[in-house]
Amino acid sequence: MSGYRIEPLAKHDRKKFSCGSAELDRYFREQTTQDTRRRIAFCFVAVNDDDGEVAGFYTLAATSLALDRLSAEWAHKLPRYPVVPAVLLGRLAVATSHQGKRLGIALVADAVMRASRSEIAGHMMVVDAKDERAASFYANLGFERLPNHTFRLIMRL
Ligand SMILES: CC(C)(COP(=O)(O)OP(=O)(O)OC[C@H]1O[C@@H](n2cnc3c(N)ncnc32)[C@H](O)[C@@H]1OP(=O)(O)O)[C@@H](O)C(=O)NCCC(=O)NCCS
């Protein structure tokens, strides 16, 4: 996507980031480096080419889903192991001043590509949407809702 570059979080300035969700802002400002250091989740940022500021971020981590949580349609194509390896798109946010410019879509696409290229197998990408608006954002991008989970969605990698 022109105008932004997406790269692993390093020494970027996180203090000014504001996306409209206090919880996500707090996470990005206070928790990301600790999660990275402990290998709990890795964080990737979109940097605005014009001013070098962080315009958005997402996090990736390994996860797994119990096979019996999947719909019969998904499960019947998979081996009978009790759990399925997956990649968790744990958090995603775009700064308020950059929302509506398709950066959210670009960040999800980057996350899917990064996970697909990984040498560690993950059958699907999992997202936990924070509310119905976020769930419909992911559903519009092709994620499917897990049975009995309104806000957990998956996409095959
Ligand atoms: C949700 C969020 C990441 C979307 O980022 P964005 O860059 O503004 O979205 P885009 O410009 O890429 O929008 C892509 C499409 O999703 C739609 N969309 C954007 N935000 C949406 C939302 N919150 N709910 C539903 N649809 C949304 C847009 O209308 C657009 O649809 P269109 O192609 O039909 O026009 C961003 O609004 C955000 O950070 N919000 C606050 C935090 C949050 O809710 N995070 C969600 C993760 S749990």
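Two strands are taken to pair if DSSP finds at least two bridges between them. Helices (H or I, at least four residues) and strands (E, at least two) are DSSP runs, numbered from the N terminus. The structure is a predicted model, in which local features need pLDDT of at least 70 and side-chain atom pairs count only at pLDDT 80 or more, while totals for chains, interfaces and linings use all residues. Residues are numbered from 1 along each chain as its sequence is written, and side-chain values use heavy atoms, with hydrogens and water left out.

Seven strands form an open sheet with mixed pairing, in the order β1-β2-β3-β4-β5-β7-β6. The edges are held by β1 (4-8) and β6 (144-145); each has a single partner strand, so one side of each is left without a neighbour in the sheet. Strands of a sheet pair through backbone hydrogen bonds, either parallel or antiparallel.

β1 and β2 (residues 42-48) run antiparallel and are joined by five bridges. Within this pair, Glu7 has Val45 of β2 as its bridge partner. β3 (residues 54-66) and β4 are also antiparallel, with 10 bridges between them, and Phe57 is bridged to Ala93 in β4. In contrast to these antiparallel pairs, β4 and β5 (residues 124-128) run parallel and share four bridges. Here Leu88 stands opposite Val126 in β5.

The ligand sits in the largest pocket. A pocket is defined on a 1 Å grid over the protein atoms alone, as an open set of points where a 1.4 Å probe fits, with protein on both sides within 12 Å along at least five of seven lines. A molecule sits in a pocket if more than half of its atoms lie within 2 Å of its grid points.

How values were computed. 1 Å grid on protein atoms, 1.4 Å probe; cavity = no way out; pocket = protein on both sides within 12 Å on 5 of 7 lines; lining within 4 Å.
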